[in-house]
Amino acid sequence: IKEGQAVKFEVAAYSNEELLRIKDQGRKELLQWLEARQEKQLYPGWAQDILEQDCRVIVWCRRVVGYKRLDLFMSLLEDEALREAFIKAKLVVVIGGRMHQDDPYGREQFARLSALWRQFPGLQQRVVFFENYNRREAPRLFQGADISMMLAFDGFEAAATGFQKGQMNGCAIVATSDGAVPESVVFYDEKTDNLDEANGFLVP
């Protein structure tokens, strides 16, 4: 697919198994592209190592402001037990987004991440900071990602439509029920076991 090219994709024409193979190929291509793009952070052969570990990719690429709660992830990584659980869960999280020059929040979260990288070098291979997140390259992220993360304080999101990029590319959505999320995300309900219709998981 050429960069920026629109593609019509008839999902109904494919079996679940075929769709999963397409998604797996998208993840492989994403990891290989990330390895090349983020060469200052990632080592040669990183993509193959992540594939062999069968890691899933989470995209957390949004405006970096306080109410979108990136600090929750930093707090998770700073907690020893939760950090170990995160590593065992076989996840790679790609973080990116615009920071406002007059808002220190984004710089503070990046400083926390940098400190964690220095203290726990292995985290640098599982938490990728996507420099200069932009609309030209964003499609590559969402085409290969397994999960799109959309958290916010209740009532703060006007729309939060970024998750729809993930939905259009077969991502599961992990989100708070705010903004436009309730319009197209059916959260998994353990009580009713609605796995056939669910396409996301609720963070209260």
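The side chains of Lys 68 and Glu 157 meet in a salt bridge, with 3.0 Å from N to O; a salt bridge here is a side-chain nitrogen of Lys or Arg within 4 Å of a carboxyl oxygen of Asp or Glu. Lys 68 lies in the loop between S1 and H3 and Glu 157 in the loop between S4 and helix H7 (163-167), so this pair ties together parts that are 89 residues apart in sequence. The model is predicted: local features need pLDDT of at least 70, side-chain atom pairs count only at pLDDT 80 or more, and totals for chains, interfaces and linings use all residues. Residues are numbered from 1 along each chain as its sequence is written, and side-chain values use heavy atoms, with hydrogens and water left out.

**Salt bridges**

- Side chains of opposite charge can pair when their charged atoms come close.
- By the rule stated above, the count comes to 10 salt bridges.
- Asp 146 forms a salt bridge with Arg 27, and their closest N and O atoms are 2.7 Å apart. Because Asp 146 lies in the loop between H6 and strand S4 (147-150) and Arg 27 in helix H1 (residues 16-37), the pair ties together parts that are 119 residues apart in sequence.
- Glu 137 forms a salt bridge with Arg 37, where the closest N and O atoms are 2.7 Å apart. Glu 137 lies in the loop between S3 and H6 and Arg 37 in helix H1, so this pair ties together parts that are 100 residues apart in sequence.
- Helices (H or I, at least four residues) and strands (E, at least two) are DSSP runs, numbered from the N terminus.

**Burial of the paired residues**

- Buried means under 20% relative accessible area, exposed over 50%, and partly exposed in between (1.4 Å probe, protein chains only).
- Asp 146 and Arg 27 are both buried.
- Glu 137 is buried at 11% relative accessibility, whereas Arg 37 is partly exposed at 24%.
- Lys 68 is buried, with a relative accessible area of 8%, and Glu 157 is buried at 10%.
- Salt bridges that share partners join Asp 24, Arg 27, Asp 54, Arg 56 and Asp 146 into one network.

**Cysteines**

- A disulfide is a pair of cysteine sulfur atoms within 2.5 Å, and by this rule the count comes to zero.
- The sulfur of Cys 61 has its closest cysteine sulfur in Cys 171, at 11 Å, which is too far for a bond.
- Cys 61 is buried at 9% relative accessibility, and Cys 171 is buried at 6%.

**Positive phi angles**

- Arg 69 has a positive phi of about 65° although it is not a glycine. Arg 69 lies in the loop between strand S1 (56-61) and helix H3 (70-78), and is buried at 17% relative accessibility.
- Asn 132, a residue other than glycine, has a positive phi near 55°. Asn 132 lies in the loop between strand S3 (127-129) and helix H6 (138-144), and is exposed, with a relative accessible area of 61%.

**Other positions**

- Glu 190 lies in the loop between helix H8 (181-184) and strand S6 (200-202), and is exposed at 69% relative accessibility.
- Gly 96 is placed in strand S2 (residues 91-96) and is buried at 3% relative accessibility.
- The C-alpha atoms of Gly 96 and Lys 23 are separated by 22 Å, and these residues are 73 apart along the chain.
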